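Visitor: Please pick one part of this model and go through it closely, giving the cut-offs behind each term as it comes up.

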Amino acid sequence: MSKSKCIVKTGEKPGKGSYNCTNCNTEVTLGEYDKMPPCPKCSNNEFTC
Ligand SMILES: [Zn+2]
């Protein structure tokens, strides 16, 4: 299974880790049960994981 780029959207619970905004590259760190918020800088709703 190849590990290619994946996308996490606002409201999803992707699990513990850090994710980067696809628009401004701001890093968001989530805990195990946290929901992905909108980007704190640009309000984008998509992040790479
Ligand atoms: Zn952003």
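Guide: A residue is called buried if 20 or more other C-beta atoms lie within 10 Å of its own, exposed if 12 or fewer do, and partly exposed in between, with the C-beta atoms placed from the backbone. Buried residues make up 12% of the 49 residues in the protein. The model is predicted, so local features need a pLDDT of at least 70 and side-chain atom pairs count only at pLDDT 80 or more, while totals for chains, interfaces and linings use all residues. Residue numbers start from 1 along each chain, as its sequence is written.

Helices (H or I, at least four residues) and strands (E, at least two) are DSSP runs, numbered from the N terminus. By this assignment the protein has 0 helices and 4 strands, and its pattern along the sequence is β-β-β-β. The C-alpha trace spans about 35 × 20 × 15 Å along its principal axes.

Two strands count as paired if DSSP finds at least two bridges between them. The 4 strands make an open sheet in the order β1-β4-β2-β3, and the pairing is antiparallel. Strands β1 (7–9) and β3 (27–30) are at the edges with a single partner strand each, so one side of each has no neighbour in the sheet. From one strand to the next, the twist averages 40°; the axes behind this angle are lines fitted to C-alpha atoms (for helices, over the stretch in contact), and angles run from 0 to 180 degrees between N-to-C directions.

Strand β2 has pairings to describe with two partners. With β4 (residues 46–48), β2 (residues 17–21) pairs in the antiparallel sense over 2 bridges, and cysteine 21 is opposite phenylalanine 47 there. With β3, the antiparallel pairing of β2 runs over 4 bridges. Along this pairing serine 18 faces threonine 29, and tyrosine 19 faces valine 28. In a regular strand, side chains alternate between the two faces of the sheet.

A nonpolar core is a set of buried Ala, Val, Leu, Ile, Met, Phe, Trp, Tyr and Cys residues joined through C-beta atoms within 7 Å. The largest such core has 6 residues, namely Val8, Tyr19, Cys21, Leu30, Cys39 and Phe47. Two residues are in contact if their C-beta atoms, placed from the backbone, lie within 7 Å. Apart from neighbours within four places in sequence, leucine 30 is in contact with Pro14, Lys16, Gly17, Tyr19 and Met36. For the protein as a whole, 42% of the contacts between residues at least 6 apart in sequence join residues at least 24 apart.

Glutamate 27 lies in strand β3. Glutamate 27 counts as exposed because 9 other C-beta atoms are within 10 Å. Its contacts, leaving aside neighbours within four places in sequence, are Ser18 and Asn20. The C-alpha atoms of glutamate 27 and lysine 16 are separated by 13 Å, and the two residues are 11 apart along the chain.

Next come the loops. Strands β2 and β3 form a hairpin with 5 residues between them. Asparagine 25 belongs to the loop between β2 and β3 and has a positive phi of about 70° although it is not a glycine. With 12 C-beta neighbours inside 10 Å, asparagine 25 is therefore classed as exposed.

Serine 43 has 12 C-beta neighbours inside 10 Å and so counts as exposed.

Asparagine 44 is also placed in the loop between β3 and β4. With 16 other C-beta atoms within 10 Å, asparagine 44 is partly exposed. Not counting residues up to four places away in sequence, asparagine 44 touches Cys21, Thr22, Asn23, Cys24, Pro38 and Cys39. Cys21 and Cys39 from that list are also members of the largest nonpolar core. The C-alpha atoms of asparagine 44 and lysine 16, residues 28 apart along the chain, are separated by 20 Å.
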